[in-house]
Amino acid sequence: MKNLLIIFLFIVSISACSQKDNIKYEQALSYIEEYYSNCDKQLLEKALEILDSTSINNNQIVNTKISLYFLLKKYKEGIAFMNALPVDRFYRPYQKEMYIKSMLALNEGDPLKRHFYYEQAILSINSYLSNNPKDDQALADLFYTKLRFESRDKVLQYLDEYLKTNKNKEFLELLRQSISKDISTIDCSSFVPSDLQSED
Amino acid sequence: MDWVTYKDNNIIWNDQATSAKSTPNGYTYIGNDNALQSHVGMAYNFPETSTEIIGFVAFDEKVGMQAIRVRETSNVQIGVNAQNIKGNISKSNESGKTFTGVSVTVTNKTKFTQVDGDLSSSRRVDVKYGDKTYSRAMQEPPSSPNGDIKEYGTNTTRASIVIPASDINSNKNFSSIKASGSWWVTKPEGRTPVVYHGIAPWPKTFTHSWTFKK
């Protein structure tokens, strides 16, 4: 009887913690949503603080934290966070490396080192694609990773070369029209209505 | 029964006017709503505009964002706005029908591949007419009283902007109509945007514009 009571109390306490964490997650998402409407980075700091205080580490929270590390340019923290995640939690085996190498490149001031990390990210996607050439998701990862570090014109040149030999023509054409601008030119004015902008 | 103008260029409804001949002295015959639109220089047909993109969203199943397809289509319609106003009831206008302005209605349709939750969008419409800009957020149209059957993967939003009759005159023109916005995945916990990519988590946006030659 005593054991049953302990198990019951344990289940009740776990359920209470999980409910608290869900409320925290909702609060963090609302801060992030507000950030996308006014570009106030303090809201992102608050969201990250809240998520850091949760006791669970499910995929929802992991995905949200990765976005926060990119938006806040907290690459070192992001790398440490992702290093602790097993590869099989990602959809594809190269994705952990793609995220980590991208953060390493973005954190690097030396252009040569930056290029080195970026090439490593591309290499791991290409290696996956050589065995899975029809994987649309991986193709999208490849060209958007390129776009993070190269000009739109150059990426479109790569894409046009790919179009000559690849059979996923419809998807690649759609990807071509989706690559509408240089990622380096994206700032708050790209997504916050002009009358609502505050600061970058 | 059609629209007529009086000496002072006021547009009024006249129950007897059905042609220039049957229009009372001192008034100029305009005609039906379409004719009124032409009269105020607002008769336009707008081509449908669309955008199809690949964007990225997170699914809860695993870590890392996944590519989805989104297609956004915008249509514009311009129409005459009229109301029955008691104070304007007269012998020649028994219902008190009054020209209150011109409405610019923009309807957007979003089609998307499967996401975790529902994909809606945050959009607004800006209409520049004369020296004024009229803006409004787009919203889901109200559902019918009997309930609606909604196809998964499609959402519709609409905004109607009314340019009041007092702002309309033949010296003014439209300069642009613009529908713009971004896409959001809605779950019970909150909303997250469709972004460029997991390593570039800024919202993908669209702008559909119609411009007018001066």
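In chain B, residues 24 or more positions apart account for 61% of the contacts with a separation of 6 or more (two residues are in contact if their C-beta atoms, placed from the backbone, lie within 7 Å). This is a predicted model: local features need pLDDT of at least 70, side-chain atom pairs count only at pLDDT 80 or more, and totals for chains, interfaces and linings use all residues. Residues are numbered from 1 along each chain as its sequence is written, while chains are lettered from A and ligands numbered from 1 in the order in which they are written.

**Chain B overall**
- Chain B has one helix and 14 strands (DSSP runs numbered from the N terminus: helices are H or I, at least four residues; strands are E, at least two).
- The C-alpha trace of chain B spans about 75 × 45 × 25 Å along its principal axes.
- Of the 214 residues in chain B, 32% are buried (20 or more other C-beta atoms within 10 Å of the residue's own; exposed means 12 or fewer, partly exposed in between, with C-beta atoms placed from the backbone).

**A sheet in chain B**
- Three strands of chain B form an open, antiparallel sheet in the order 2-1-3 (strands pair if DSSP finds at least two bridges between them).
- Its edge strands are strand 2 (11–14) and strand 3 (28–31), each pairing on one side only.
- Strand 1 (residues 2–5) of chain B pairs with strand 3 over three bridges, and B:V4 stands opposite B:Y29.

**Helix 2 of chain A**
- In helix 2 (residues 41–52) of chain A, A:L44, A:A47, A:L48 and A:L51 are buried.
- The face turned away from the buried side carries the exposed residues A:Q42 and A:E49.

How values were computed: Expected span 1.5 Å × (residues − 1).
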